[in-house]
Amino acid sequence: MAGSSGSGVILDSGMVQYAPLIILLPMLAFPVILFLGKVFNKNPFWKNTLKEGGLIALPVMAASLIISLLLIKDHLGSFAGIKDSLNILWVNTSVWDGGVLEPVTLGFGIYVDHVTVMLLFVASFLCLLINIFSVGYMNTDPINDNKNHRFYAEFVLFCSAMLGMVLADSFLWLFIFWEIMGLCSYLLIGFYYEKPSAAYAAKKAFLTTRIGDVFLMIGLVMMWDLFGSLDYDVVFNSDNIAEVAAQSSGTLQWALGMMFIGAVGKSAQFPLHVWLPDAMEGPTPVSALIHAATMVNAGLYLVARMFPFFGDASMSGELVDLAFIIALIGGITAVMAAAIAFVQNDLKKVLAYSTMSQLAYIFTGLGCAMYLANTLDWQNDDGAHYIVIVAFGAALFHLFNHAMAKGMLFMASGSVIHEVHHAHHHLHHHDDNGDDHHEDDFDAQSMDNMGGLASKMPLTATAMLVGSASIMGLPFIGGFWSKEGIIANAWRVAQDDPRFLIPAMCVLIGAGMTGFYMSRMWLKTFAGKPSNEVAAHVGPTNTWIKIPLFTLIFVTLSAIIFAGMGFTHWAPDSEYSFMSERGLAEGIVYEMKHAFANSDSFFFVITYVAIAIGAILGPGLAMSLYGGNLAEGEQTKPWMKPVIRLNAWVYARFNFNNSSIAESSLTRALEQRLYIDYYYDMAMLKIVAAFSKKSAEADTLVIDGTIKSIERGSQSLSTLVRSLTTGSARDYILMISVGTLAIFFFLWGVA
Amino acid sequence: MSDLKTVEPFGEGFISALCPELILFAGLILLIVIPNLGSGKFRIPGTQTRVPWLLGGNRFKLTSDPRLPSWIAVLTIGTSFVMTILSFQDGVERTAIVSEGGTQILMINAFSRVFELIFFGALTLASFACMNRLDVKGIGAKLSTEELYNNRRQGDFYILMITCALGMSIVALAQDLFVLFIGLELASFSTYVLVAFFKESKSGTEAGMKYFIVGSVASGVGLYGLSMLYLWAGSLQLDVLATTFAQSGNEALPMIGIGFVLVGFGFKVSAAPFHFAAPDAYSGASSPVAGVLATASKAMGIVGLLRILLIVAAPESSEDGTVWLVCLGLLSIITMTWGNLAALGSTNPKRMLAYSSVAHAGYMLAAITAIGAWNWDETLSGDPGEAAVVVLAALIFHLMVLVAFKLGAFLVLSVLESEGGGSKLSSLGGLAKREPFLAVAMFIFMISLAGVPPLAGFVSKLLVIMGIVKVALGDMSEALSTGSELGLSDVHWVWWLALAMVINSAISVYYYLRIVVVMFFEEAEEGRSGPLPNGWQVRFAILVCLIATLFMGVASEKILQICETAAQSFNYNWA
Amino acid sequence: MILLGFVSNASPRVREGLVKPIRMACLVFSLLLLVLTTGMFFQYFGNVSWMDIQFNDYEYMASYSWIDSLGINWTVGLDALSFPMVWLTTFLLPVTIIATWNEKYGATYFPLLLMMGGALIGVFVSLDLFMFYVFWELTLIPMFFLILKWGGTDRKYAAQKFFIYTFTASVIMLLGLITLFFLQEPNTLASAGTMTGRSFSIPELIDSARTANVGDNWFLGKTMQNILFVMLMIGFLVKLPAVPFHTWLPDAHVQAPTGGSMLLAGVMLKMGAYGMFRLPLSLFPHALYHFQLALMIIGMVSLVWGAIVCLGQTNLKKMVAYSSVSHMGVILIGIATMQPMGWAAALFMMFAHGIISPMLFAVCGAFKHHYHSMEIGAMRGMAKHSPWLATSMMFAWMASLGLPLLAGFVAELMMLIALWHMISLDGWSIWWMVGPALVLALTAAYYLWSMQRTIFEGGEETQPPASMAGQIIPDISNSEKFAMLILAFFTILFGVMPWIALDMMDDWTKQIFEGLIVFVGKGGA
Amino acid sequence: MIDPAWVSALSALLFVIGLGGAFTRKNAIIVLMCIELMLNAANMQFAAAAVHHGDSTGWIYTIFAIAIAASEVAIGLAIFLAMYGKHESISLDDVDVLRN
């Protein structure tokens with residue numbers, strides 16, 4: 001019967017026993033909000049005071065964040081990872097191992113190390129901020145009225161799953177929460193279910209990630225077979241890895257490779273990237289949270305979790321190919337997504353491709369770090385150790401930076417869209433009751449309908465600016481620190497293994513492309529003159545939206561502080577403590593020196609090349625094509641003035657006609673997303689759907705047809721048999737005689 | 001071998017021994033006399049003095065009651081039935097009626113008594129059901145109920161019923177093949193006339209003619225076979241024949257003789273290809289009569305087959321298997337498949353039941369084949385009697401329960417027939433709404449015929465299959481338990497008969513279910529939506545059949561024991 | 001308690017015009033049964049530990065002689081194999097009654113459901129081959145009528161096909177059972193019949209099989225094991241149903257009423273799998289090894305073919321029916337892995353599918369009820385006017401496609417692990433993994449595709465089918481809501497806490513595995 | 001005295017003629033006569049066998065068989081009459097209302 005045993009709680013930290021609450025609170029909030037919403041729908045108190053559940057979700061998320069922070073506090077110091085603080089036996093069975101029956105248990109527990117803590121912070125922090133944002137965004141749009149409880153319910157369920165995935169103590173539970181995230185993503189993308197495009201996008205997102213998940217599941221199964229368990233405890237154990245390595249390192253590589261495909265699907269990398277742009281059909285908070293800041297990081301998290309395999313001495317040199325593939329996929333996606341982002345006019349789509357591209361950077365970084373860990377004797381050699389840790393750390397740091405920046409960017413873009421929409425509504429529909437939003441073709445997300453908003457929405461523009469700068473890797477801001485690390489490490493590896501030249505080149509070129517499309521986005525939206533009447537009437541945004549934007553601007557700008565504190569050294573679950581031994585100021589100086597005055601001349605050059613491409617060439621080109629001065633009389637905040645002016649200057653001086661490029665077949669291909677979606681759809685329609693249709697017919701005609709023809713055959717046989725009963729007594733007598741004769745001859749023969 | 005009591009005709013103990021048959025005889029006389037009682041007076045020749053002698057003239061009120069003959073018949077056959085049951089009270093005393101020379105003519109034992117139970121049971125129910133069944137409307141003549149009731153043929157009908165019972169019981173009792181043949185002919189002649197009883201209709205006469213003429217040819221062949229046997233053995237006593245067969249059974253003469261006799265009985269059990277007249281006869285005859293043909297008459301044929309095949313041409317008397325084994329096996333497969341296939345497409349429920357009865361004949365032949373196959377392999381010498389008893393008990397049980405649901409089904413049809421339907425599938429439409437009791441009963445009968453548990457039909461079919469399988473496997477179990485490796489090739493081929501049987505049962509479900517579907521889920525035909533004709537008697541008979549079907553399915557233990565006793569008493573070498 | 005089967009068969013039959021009291025009586029009665037079995041689970045009745053039942057040991061065992069001369073006894077008992085199924089049956093009965101609370105002709109409908117339940121329980125509790133077969137066939141009759149009377153337009157064909165198809169298979173199984181019966185050594189078993197010298201008792205048969213399967217000796221010899229195995233499996237595979245014997249299922253499901261479908265998919269299909277575990281697996285280990293590949297192939301084909309055909313369906317209920325075929329493939333594969341884990345997966349799949357599929361069909365039924373059509377795409381934007389139905393549908397669909405933390409996932413995961421383990425242990429080709437992998441994706445594809453065209457879309461003008469133009473479309477009734485909620489609750493419960501049922505299944509599979517394979521002392525034949 | 005074997009042979013001949021006639025002739029009366037032939041064949045055989053075995057029961061069988069044959073004719077003719085009344089034909093081929 002109930003065979004659960006709640007025993008085995010190891011309390012290494014006071015907080016960890018509350019860790020399950022981080023997951024449970026939002027999970028319990030899910031049905032509560034859903035049912036309350038169902039019951040009290042349209043109730044004024046529910047609608048206005050509780051914001052249709054938004055204010056139920058908020059304290060829950062805050063509680064999760066607080067517990068997370070307390071948990072993080074316990075683990076900020078040098079490594080104090082807690083493995084398996086809790087053990088619930090979930091499945092309890094046994095397998096036949098060719099001679100003995102071996103017991104098998106699949107259990108659930110909490111596992112905390114630095115990677116966990118880092119992502120836990122990202123997730124719970126952004127969940128809370130975006131929750132705040134949602135209240136400002138969702139509840140002020142009449143289209144969402146009386147539906148928001150659904151949004152908040154799915155939102156908290158998602159948060160629960162995300163946090164669960166981070167905290168889980170085994171690949172199995174990682175996968176379980178991973179799938180639930182997938183469900184939430186599906187539901188939230190399809191939030192506006194009436195729109196066929198949303199329905200299509202939701203399905204596409206789920207299906208595409210599902211394909212990756214299938215591989216992930218197979219990878220898990222393979223790994224289970226190797227280790228007899230999926231618990232991090234067991235699979236990360238060096239002895240176990242050595243044992244597996246001795247038997248079948250190739251299989252392990254395959255297993256990890258399969259799992260990586262899962263990560264590719266979730267993090268929207270080539271070739272399973274097609275779902276992410278479409279996923280922008282969901283409400284903007286969803287895009288911000290799921291499709292930029294948290295869920296898409298799950299794939300990265302999964303790959304990061306594979307680090308112990310790469311880093312184990314017994315696997316040394318065995319997993320190089322996989323590391324290369326990870327880096328390569330990253331490199332390809334980085335360039336491809338950036339290229340497609342060039343031609344997007346939809347604000348959110350640009351960000352989506354940017355997300356794809358940046359995640360690809362992280363993959364490349366991880367791949368390189370994995371390569372280094374796998375080839376260098378880093379556990380014994382201090383120098384190598386430093387290199388590996390920093391390479392890994394850089395990737396994780398970029399994850400952190402990107403999550404913050406992209407979350408902010410999406411929220412900011414959401415706020416832009418929101419206000420543009422309102423302005424449009426105000427202008428065109430002031431005479432009717434405002435329910436009909438779909439009547440005209442006005443696209444509030446298109447950058448063609450914006451321009452010059454810097455003066456109208458200063459905070460949003462600032463957030464956008466900071467975020468873009470972080471993503472572009474402008475020196476000193478946010479992502480710069482991590483991106484430089486990734487590029488440098490890619491080249492470091494490329495020196496060692498020429499194959500890595502491809503991803504290394506990719507990330508370098510990608511940096512420039514990032515600079516171009518991010519600048520283009522900002523400039524088209526905020527600089528220049530309003531492109532139409534609507535954009536001219538956009539007003540500032542509301543407080544709920546401002547809070548998270550404000551917060552995140554600071555977090556992004558303070559990346560240098562994190563870097564200085566030694567984030568990159570701490571994050572990869574090393575023995576480094578969070579506050580590096582050098583102290584903050586010294587750390588910052590060290591980082592500065594490391595970045596701008598690298599003693600190694602090769603990396604020195606690479607750094608400046610990257611800066612030149614990413615911070616000067618890319619933005620420069622964008623400035624020459626887009627933006628310009630604000631409209632007459634419009635003022636903006638002082639910190640944005642230089643940017644606008646610079647833009648105006650470049651725009652005036654270097655503007656050139658790019659129509660030949662804009663009309664080239666390459667551009668068209670990019671606009672069509674390189675036809676990848678098209679071919680996928682065709683494959684689905686022409687091959688899978690057609691084949692299944694044919695199969696369904698075959699099932700009816702052949703398999704069931706056999707049965708039916710047996711039936712028909714026996715019916716006609718019946719007619720035949722009955723036709724022998726002619727009705728004439730003479731024939732009956734004849735038959736008797738025949739029978740008699742037959743018996744006669746038979747017995748005659750016998751006798 | 002238990003004690004055998006011998007009784008000479010009209011000697012001591014004769015009356016008690018042959019009690020049921022004598023009751024029948026008495027009933028026969030009564031049936032002839034009583035309806036004729038009236039105010040008739042006899043004029044003494046030469047004078048004008050009329051002495052009332054009560055025969056003829058104006059009938060009394062009581063004796064002119066059209067239901068009187070049926071009551072007499074029902075009471076007579078019913079009493080015989082009860083007497084037969086009573087004889088089981090303390091085990092049937094094994095009694096032989098012998099001639100002065102000491103040759104056994106009739107043998108009373110559990111076997112014959114059980115068969116008499118079958119005959120009497122079927123005939124009682126049929127007579128009872130006919131009580132309000134003869135007022136047929138619409139078949140040919142436009143006779144009103146009153147006219148029909150006053151028809152003298154009421155008496156004739158039940159007289160034929162009783163003679164039929166008498167003939168059948170003689171078949172069951174006979175120890176001499178010729179006596180058996182005479183009984184058979186007595187019963188056959190009665191059934192010929194019963195089939196043709198509705199001479200007002202085309203189909204009635206036609207059915208009678210066909211049944212008669214084909215039956216006569218078959219019995220002609222059979223009689224010729226008997227004469228050949230007689231020529232060969234010098235006697236038609238079963239025991240004499242058996243002894244002689246054991247010595248020189250492999251000669252052509254007895255073989256062909258047995259083969260010809262087989263034809264005669266084959267017609268009675270309606271085995272293919274001797275069954276052709278049966279569907280015509282069933283559909284032309286009134287339903288209760290068809291029911292009798294399908295149950296009692298078939299059982300009678302089976303008795304004959306058992307006697308000739310298992311006593312005379314006994315497998316134990318031949319060296320390596322029985323010569324007729326393959327022949328009968330083939331016959332059984334052809335019969336069951338033919339019957340089922342033909343029934344599959346039949347749209348006349350009576351013909352369908354007739355074909356299903358052909359199929360059932362096939363199952364029974366398979367069972368007999370199995371008995372013949374028991375000592376097929378000398379290396380595996382089991383206890384042959386044990387297997388034979390199982391099969392035979394199964395066969396008897398099958399015949400017994402067949403009375404319940406086959407006759408029951410025909411009786412349900414007979415109710416419809418009273419309003420002129422019953423010969424088309426569609427006339428069953430809406431029965432569930434018109435009279436749910438009949439529909440439910442028919443449903444039970446149908447799925448019992450199909451062999452769906454836990455009804456009698458399932459148990460009986462299961463038993464037959466079990467018997468066949470047991471024979472087929474011999475005592476493989478012993479060999480297997482010692483670790484020898486045996487495969488399907490070590491199983492006797494009669495096992496495939498069992499397979500054919502189960503597959504055939506599966507086919508048969510199709511047409512049985514069709515009737516159910518029509519009854520429950522199709523609308524009544526035009527002009528058939530009203531209530532069905534009255535008549536509690538036929539419904540009572542159906543109820544009895546229904547109860548028996550259910551009872552013998554769920555609580556078959558007691559009856560099974562009776563069948564086992566009967567099977568053991570069939571051949572005392574087996575017991 | 002043990003005469004559950006009897007009791008529910010004796011439940012009130014047709015009473016015209018007494019719909020309400022009969023419905024209530026049926027509900028109360030089925031609830032009583034549920035309370036009874038749940039009580040048994042929590043050990044209220046007697047000291048039963050479901051975890052410690054030894055192989056071939058049964059709880060609440062009772063035996064009465066029935067037909068002595070044949071060795072037939074009324075023997076019933078429960079073990080960890082049958083108990084979950086019995087519980088499932090008693091659980092589904094009230095749920096089905098509630099879900100189809102307003103079905104027409106209630107006076108016959110609800111008793112028929114109960115009768116069905118009685119027969120099903122009978123199958124699961126019987127420990128006598130004869131009894132087992134009797135109940136096995138008895139389940140056909142109420143289902144036949146349920147389809148015939150309450151079914152769709154083509155119900156006559158479907159009902160007959162269903163009946164004949166499964167009947168044909170089971171008579172072949174019956175012949176196998178009888179052959180097995182007469183292959184026993186005569187007069188060795190305690191309950192042997194006086195006339196036949198053999199016994200129908202399942203425990204005694206299993207005991208003797210276990211004693212005989214030692215070393216190189218096999219119970220009845222290898223060849224006979226194989227023959228009997230095939231004969232029994234024909235019956236079970238058709239019931240399951242496995243491709244290519246599955247075509248009765250879509251017809252039956254599409255035509256059957258909701259309640260019938262719920263019970264059919266929920267419990268009746270599991271009879272096949274249950275039978276496999278109860279008989280061939282327990283009796284014929286050699287044959288099991290011998291036909292491992294065949295089982296695997298059939299399982300794979302069912303799995304993949306079912307899923308592919310699903311994708312090609314435009315009829316919602318047909319799609320769900322084919323998805324059942326696909327899921328039953330999982331059970332077969334689980335069995336064919338020859339791993340205790342795979343068997344436990346199969347058992348849990350039986351259980352989980354037994355909760356999920358009734359919900360699937362309840363949704364289908366409600367859909368049909370609302371829109372008078374089962375065509376996918378006939379109705380879009382369901383979420384707008386029928387949020388309850390849409391939510392239930394989404395939940396059921398997600399559960400069926402194996403979303404983690406819902407009941408179906410555990411079984412699928414365990415099956416995959418066991419399968420891969422077998423592949424690597426016995427050196428099978430890894431291509432065997434392609435099937436399940438493909439199906440995981442395909443399943444998602446067909447479910448999502450159908451949701452996209454039903455729940456989603458619709459836009460401003462939600463499109464009711466032409467036949468319903470102008471009508472106001474109501475959401476599902478309260479009783480349907482309630483039933484869905486219960487089913488959803490248990491789907492989550494067994495998804496989050498699978499051990500409630502899984503532990504005893506694990507225990508049982510370990511027992512049977514030890515009893516059969518380890519005991520023989522080898523891993524293969 | 002004639003050897004009984006010859007009688008048997010004759011009876012076999014009669015039987016074959018009877019059987020052959022039964023399924024070749026259409027007229028019901030003639031078929032009935034053929035059946036009588038078959039019965040007579042059996043009677044002759046019984047008689048021959050009785051002589052052969054010197055067993056008197058054979059004669060009894062013969063007498064009984066003749067009685068049976070007689071009643072058979074009676075029944076047959078009666079049925080044919082009734083049939084003629086309804087079908088207006090005694091040709092076996094014409095009477096086929098019941099078939100299949």
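1. β4(B) pairs with strand β5 (residues 104–108) of chain B in the antiparallel sense, over 4 bridges. Strands here are DSSP E runs of at least two residues, helices are H or I runs of at least four, and both are numbered from the N terminus. Two strands pair if DSSP finds at least two bridges between them. B:Ala96 stands opposite B:Met107 in β5(B). The two strands form a hairpin with 5 residues between them. In the turn, B:Gly102 has a positive phi of about 95°.

2. This is a predicted model: local features need pLDDT of at least 70, side-chain atom pairs count only at pLDDT 80 or more, and totals for chains, interfaces and linings use all residues. Residues are numbered from 1 along each chain as its sequence is written, with chains lettered from A and ligands numbered from 1 in the order in which they are written.

3. β4(B) (residues 95–98) also joins strand β1 (residues 5–7) of chain B. That pair runs parallel, with 3 bridges. B:Val7 has B:Ile97 as its bridge partner.

4. Chain C puts 57 residues in contact with 52 residues of chain A. Contact means C-beta atoms, placed from the backbone, within 7 Å. On the side of chain C that touches chain A, α21(C) gives the largest share, 10 residues.

5. C:Phe348 touches C:Val410, C:Ala411, C:Met414, C:Pro498, C:Ala501, C:Leu502 and C:Met505, not counting residues up to four places away in sequence.

Methods. Two residues are in contact if their C-beta atoms, placed from the backbone, lie within 7 Å.
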